[in-house]
Amino acid sequence: MISLLLFFLSVFCLIYYGLVIVNAGTKASFVNFWPLCGMGLAFIAVVIQTNFYTGLPHLIHLIIRIFILLILAFFLSILCIILMKKSETEIEADYIIVPGAMIKGENPSKALQARIDAAYEYLSSHRKCSAILSGYQNPGATITQGKCMQQELKNRGIEGYRLLVEPYARTTQENLKFAKDYMMMDDPVVLVLTSRYHLARCLKEGKKLRYKKLHGIGVASDPVLAIHYYMRETFAYIKHMI
């Protein structure tokens, strides 16, 4: 029964890998996780049917099962932390930080476009707030992620002086660390505006960097890629903890 379940999960991983490729491309981060996971699950499904495994003492079987259950429990607890982080849409912020995401040429990816749309909505209704648009020039882009966001927001009517571009950050830590250099007041109220799956790690990183008044808004992402994003983010959160 377990081997059959593992086999179906391995098939799902391989099919989902194809969906991720179609929607995000072969260069999407973490994309190789799915074929590797699929092959790994298929390998385990075969191993547990072999005479070697079935011939192991009952105690060894029990230890293996407990070990796997502990890993799954830990993994699911991290996923719950990510899923349960709520947006704080009513915050009156002095600054919003918008971390970048992949762009192609000068065109934002779906994930980045969702952040741009949410930033536009917030800036339109909070006229005293400025945005720090953070992100480097990724491979395949002709401008930085920050500049891409600035162009999109200016084209939609947000005043240029409210759109501060930070062009060097490559990681979540750098997004928040470098953004501090653009803040002209002591202890401002800061709102990080990012994808929903990314929010928990952003806020955790902000506490590490000693932001005193940091809040967050999470933006919905592409439903087809949601599993991919949350799986990737769970591993990234664990890495951040370590």
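Among contacts (heavy atoms within 4.5 Å) in the chain between residues at least 6 apart in sequence, 75% join residues at least 24 apart. The model is predicted: local features need pLDDT of at least 70, side-chain atom pairs count only at pLDDT 80 or more, and totals for chains, interfaces and linings use all residues. Residues are numbered from 1 along each chain as its sequence is written, and side-chain values use heavy atoms, without hydrogens and water.

The chain has 9 helices and 7 strands. These are DSSP runs, numbered from the N terminus: helices are H or I, at least four residues, and strands are E, at least two.

In soluble globular proteins, nonpolar side chains tend to be buried together. A nonpolar core is a set of buried Ala, Val, Leu, Ile, Met, Phe, Trp, Tyr and Cys residues joined through side-chain atoms within 4.5 Å. The largest holds 53 residues. Ala93, Ile96, Leu123, Leu153 and Leu193 touch the most other members. Helix α5 (residues 110–125) gives the most to this core, with 8 residues. Apart from this core lies another, of 14 residues, including Tyr95 and Met183.

Helices α8 (residues 199–208) and α9 (residues 226–241) have axes, lines fitted to C-alpha atoms over the stretch in contact, that come within 10 Å. The axes cross at roughly 15 degrees, on a scale from 0 to 180 degrees between N-to-C directions. The two helices are therefore roughly parallel (angles under 35 degrees). Residues making the contact include Ala200 and Arg201 of α8 and Glu233 and Ala236 of α9.

Terms used: Parallel < 35°, antiparallel > 145°, perpendicular 65-115°, else oblique. Buried < 20%, exposed > 50% of the residue type's maximum accessible area, 1.4 Å probe, protein only.
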